[in-house]
Amino acid sequence: MANQDLNKLRQNIDLIDNEILDLLNQRANIAIAVGKAKEGSDKTFYVPSREKAIYARLTQNNCGPFPNDAVCKVFREIISASLNMEMPMKVAFLGPQSTFTHMAAMLQFGLSAQLIPMKSIPAVFEEVERGRAHYGVVPVENSTEGVVNHTLDMFFNSELQMIAEVMLEISHNLLSKTGDPEKIRKIVSHPQSLAQCRHWLETNMADIPQMDVASTAAAAQLATGDESVAAIASHAAAVQYDLQVVKAKIEDNPNNFTRFLVIGKKTPEKSGADKTSIMFSVKDEPGILYRMLEPFSQRQINLAKIESRPMKEKAWEYIFFLDLIGHAEDPEIAEAIEELRSHCHFLKILGSYPIAGNESSIGEQR
Ligand SMILES: O=C(O)C(=O)C[C@]1(C(=O)O)C=C[C@@H](O)C=C1
């Protein structure tokens with residue numbers, strides 16, 4: 001192509017970029033006005049249902065060739081910047097940096113939010129309870145390894161609500177300083193990550209001892225300081241800690257998803273496709289397990305999940321966690337919950353929030 005033609009094409013790109021910039025500023029002014037309109041009202045600045053509707057509409061209307069995945073990433077940052085013009089957002093997450101929870105927080109809130117790494121799940125809850133962060137992000141369950149008990153237990157004594165969920169595809173990498181598998185004498189990671197790669201490790205690294213550490217990022221940090229240590233961690237951790245990929249995608253289950261929760265003080269608006277989480281303990285009566293689900297089956301309410309956890313205070317008594325499809329303000333959901341309450345020692349609605357799709361991973365993980 002002649003240089004002249006190339007220049008012409010670039011001039012066209014410049015003109016379009018100018019228009020995009022102009023439109024971005026028009027949008028920003030409207031977002032600021034939306035923020036002002038919310039001040040002093042009971043409306044929240046962060047509205048996950050509205051964000052979900054924006055992505056759904058844009059990806060449906062997109063005629064291409066700009067890929068839908070890129071549409072979401074671009075609008076993620078536009079909305080993140082808009083939200084932060086309305087109210088600078090502080091979001092606590094289970095740290096340290098470059099863990100999968102950090103990725104989930106970035107995916108949900110974009111890069112304009114101030115993301116604050118915390119040392120433990122209780123510390124994330126406390127940061128939000130005390131108002132030092134607007135929201136918190138914590139892991140709650142993995143498709144291979146099951147629930148993160150610590151997170152569910154926290155809701156027993158906390159008044160915080162579940163206000164959004166994030167599904168993240170988790171891809172693990174074996175990382176080391178040199179990238180040479182022959183040099184590896186020890187493999188370190190978070191116990192859940194080691195468990196998610198159990199079969200691969202048995203087949204390929206059976207003689208190498210494994211060690212649990214607090215997070216995948218802590219594992220990456222250890223590997224940076226010692227050539228004989230390999231970490232199982234995200235690709236983002238490889239970049240941050242300057243590690244080489246010995247082997248990518250070593251998780252046993254290629255559909256390895258982790259579900260994270262956004263916790264906050266206020267239930268968000270209905271989105272039309274919501275999930276409601278409740279926790280309760282039932283009275284010890286004959287047929288109780290059957291009767292506790294009856295209010296939902298009678299109204300044809302779908303259950304997405306049921307979990308039970310032993311109660312710390314009382315031996316052989318259990319707390320149940322139930323996820324229902326629908327919003328706590330839907331009349332039939334509200335009725336079913338009230339009916340269940342009559343069989344319970346205690347029952348707490350943990351929140352209603354938009355059902356997450358299997359969010360595209362943010363790329364760095366691959
Ligand atoms: O619609 C709103 O309530 C807004 O605050 C605007 C906006 C946006 O930029 O589109 C910003 C943040 C919210 O989480 C959702 C949407």
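# A tour of the helices and loops

Start by selecting helices H2 and H3: Glu 51, Ile 54, Tyr 55, Leu 58 and Thr 59 of H2 meet Asn 68, Val 71, Cys 72, Phe 75 and Ile 79 of H3. Here, two residues are in contact if their C-beta atoms, placed from the backbone, lie within 7 Å. Helices (H or I, at least four residues) and strands (E, at least two) are DSSP runs, numbered from the N terminus.

Before you click on, note that you're looking at a predicted model, in which local features need pLDDT of at least 70, side-chain atom pairs count only at pLDDT 80 or more, and totals for chains, interfaces and linings use all residues. Residues are numbered from 1 along each chain as its sequence is written.

**Stop 1: H2 against H3**

Keep H2 (residues 48-61) and H3 (residues 68-86) on screen. They pack at an angle of about 145 degrees, and their axes are 10 Å apart. Axes are lines fitted to C-alpha atoms, for helices over the stretch in contact, and angles run from 0 to 180 degrees between N-to-C directions. The crossing of H2 and H3 is right-handed; a crossing gets that label if the near helix is turned clockwise from the far one by less than a right angle, and is left-handed if anticlockwise. Color the contact residues by type and you'll get 7 nonpolar, 2 polar and 1 charged. In that sorting, Ala, Val, Leu, Ile, Met, Phe, Trp, Tyr, Cys and Pro count as nonpolar, Asp, Glu, Lys and Arg as charged, and the others, Gly among them, as polar.

Now pick the loop between H2 and H3, where you'll find Pro 65. The peptide bond from Gly 64 to Pro 65 is cis, with omega near 5 degrees. Most peptide bonds are trans.

**Stop 2: H1**

Next, select residues 3-38, which make up helix H1. (The expected span is 1.5 Å times one less than the number of residues.) How many of the 36 residues of H1 are buried? The count is 0, and H1 is hardly covered. A residue is buried if 20 or more other C-beta atoms lie within 10 Å of its own, exposed if 12 or fewer, and partly exposed in between, with C-beta atoms placed from the backbone.

Bring H3 back alongside H1: the two pack at about 40 degrees, with axes 8 Å apart. H1 and H3 are therefore oblique to each other (under 35 degrees counts as roughly parallel, over 145 as roughly antiparallel, 65 to 115 as roughly perpendicular and the rest as oblique). The contact is made by Leu 24, Arg 27, Ala 28, Ala 31, Ile 32, Val 34 and Gly 35 of H1 and Ile 78, Ser 82, Met 85 and Glu 86 of H3. Those residues divide into 7 nonpolar, 2 polar and 2 charged. Past H1 comes Gly 40, whose phi is positive, near 75 degrees.

**Stop 3: H5 and H6**

Jump to H5 (residues 121-129) and H6 (residues 149-157), whose axes come within 9 Å and cross at roughly 40 degrees. That makes H5 oblique to H6. Show Ile 121, Pro 122 and Phe 125 of H5 with His 150, Thr 151 and Met 154 of H6 to see the contact; it divides into 4 nonpolar, 2 polar and no charged residues.

Stay in H5 and click Glu 127. Is Glu 127 buried or exposed? With 21 C-beta neighbours inside 10 Å, Glu 127 counts as buried. Beyond its neighbours within four places in sequence, Glu 127 is in contact with Ala 92, Ile 116, Met 118, Arg 132, Ala 133 and Gly 136.

**Stop 4: H9**

Select residues 216-225 for H9, where the buried residues are Thr 216, Ala 217, Ala 219, Ala 220, Gln 221 and Ala 223. The elements they pack against include helix H4 (100-109), strand S6 (173-176) and helix H10 (235-240).

**Stop 5: backbone spots in the loops**

Find Pro 96 in the loop between strand S1 (90-94) and H4. A cis bond joins Gly 95 to Pro 96, with omega about 0 degrees.

Most residues other than glycine have a negative phi. Lys 249 has a positive phi, near 50 degrees, and sits in the loop between strand S10 (244-247) and strand S11 (257-264). Finish at Gln 300, with a positive phi near 55 degrees, in the loop between helix H11 (288-298) and strand S13 (303-310). With 7 C-beta neighbours inside 10 Å, Gln 300 counts as exposed.

Technical notes. Expected span 1.5 Å × (residues − 1).
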